[in-house]
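The following exercises concern the fold of one protein chain. Please inspect the sequence and the model before reading each solution.

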Amino acid sequence: MSNRTMAVAMAVALVCVSSAAQGIQIQLDYSLDTFGFFTDTARRDVMQAAVDYFEPHLTDDLLAINPGGRNSWSAGMWHPATGEWYYEDNPTIPADTMVIYVGGRDLAALGQAGPGGYSASGTQTFLNTVASRGEGTTSGAGATDFGPWGGSATFDTGASWYFDADPSTDEVFSGYDFYSVALH
């Protein structure tokens, strides 16, 4: 079994533990891609194909984050282009949506990604929404759920990438398979 086939099989096994319900939408935001790694639409298409693979398996109901009035927040994440902690002030996140800021820079790995953090002020209801998006217990020793706003993903700009979302071509490419890394 090739590494690509194994990676896809592992991803399928992980998402099969989800129950069927409404899917979460993943919104890709390339505004922090200051090195232009995703300027090429073929790269964006393969990234979107990886997102499209997972969306139907992400089942939950996440509350919208709507800042305004005395309610404000900052979405914290590792900046995809600099690797520094970065805050995006007062983004609006629709219900049932996670936002992933995507970009590229020189990395020691093929890619890295993770959930974001936040800082917030306002009403207790707003603070609870930012913290848990309406999910159950999302922090502390008894945490049983996860309600993220989103996060960031970075890919190595110096790697020799192969961009194709078709798993049947895994034996004919040269370079690192972007689709498999994005799925991971």
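Predicted model: local features only at pLDDT ≥ 70, side-chain atom pairs only at ≥ 80, totals over all residues.

Residues are numbered from 1 along each chain as its sequence is written, and side-chain values use heavy atoms, with hydrogens and water left out.

**Exercise 1. Determine the order of secondary structure elements and the confidence of the model.**

Step 1. Helices (H or I, at least four residues) and strands (E, at least two) are DSSP runs, numbered from the N terminus. The protein chain contains four helices and nine strands, arranged along the sequence as α-β-α-β-β-β-β-β-α-β-β-β-α.

Step 2. The mean pLDDT of the protein chain is 85, with 83% of residues at 70 or more. Residues 1-21, however, remain under 50.

Step 3. Contact means heavy atoms within 4.5 Å. Among the contacts in the protein chain with a separation of 6 or more, 73% join residues 24 or more positions apart.

**Exercise 2. Describe the three-stranded sheet.**

Step 1. The order of this open sheet is β3-β2-β6, with antiparallel pairing. Strands β3 (85-89) and β6 (117-121) form its edges.

Step 2. Five bridges connect β2 (residues 72-78) with β6; A75 has Y118 in β6 as its bridge partner.

Step 3. Helix α3 (residues 124-132) packs on this sheet, touching β2 and β6, and its direction makes about 175° with that of β6.

**Exercise 3. Is Y101 buried or exposed, and which residues does Y101 touch?**

Step 1. Y101 is found in strand β4 and stands opposite S152 in β7.

Step 2. Buried means under 20% relative accessible area, exposed over 50%, and partly exposed in between (1.4 Å probe, protein chains only). Y101 has 4% relative accessibility and therefore counts as buried.

Step 3. Not counting residues up to four places away in sequence, Y101 touches D29, S31, L32, M77, P80, E88, P91, W149, G151, S152 and A153.

**Exercise 4. Locate the nonpolar cores.**

Step 1. A nonpolar core is a set of buried Ala, Val, Leu, Ile, Met, Phe, Trp, Tyr and Cys residues joined through side-chain atoms within 4.5 Å. In soluble globular proteins, nonpolar side chains tend to be buried together.

Step 2. The largest core has 24 residues; L28, F38, M47, V102, F155 and F178 have the most contacts inside it. The elements giving two or more residues to this core are β1, α2, β4, β7 and α4 (178-183), and α2 gives the most, with six residues.

Step 3. A second, separate core of eleven residues includes W73, A75, V99 and W149.

Note on methods
Pairing = 2+ DSSP bridges. pLDDT = per-residue confidence, 0-100. Axes fitted to C-alpha atoms, helices over the stretch in contact; angles between N-to-C directions.
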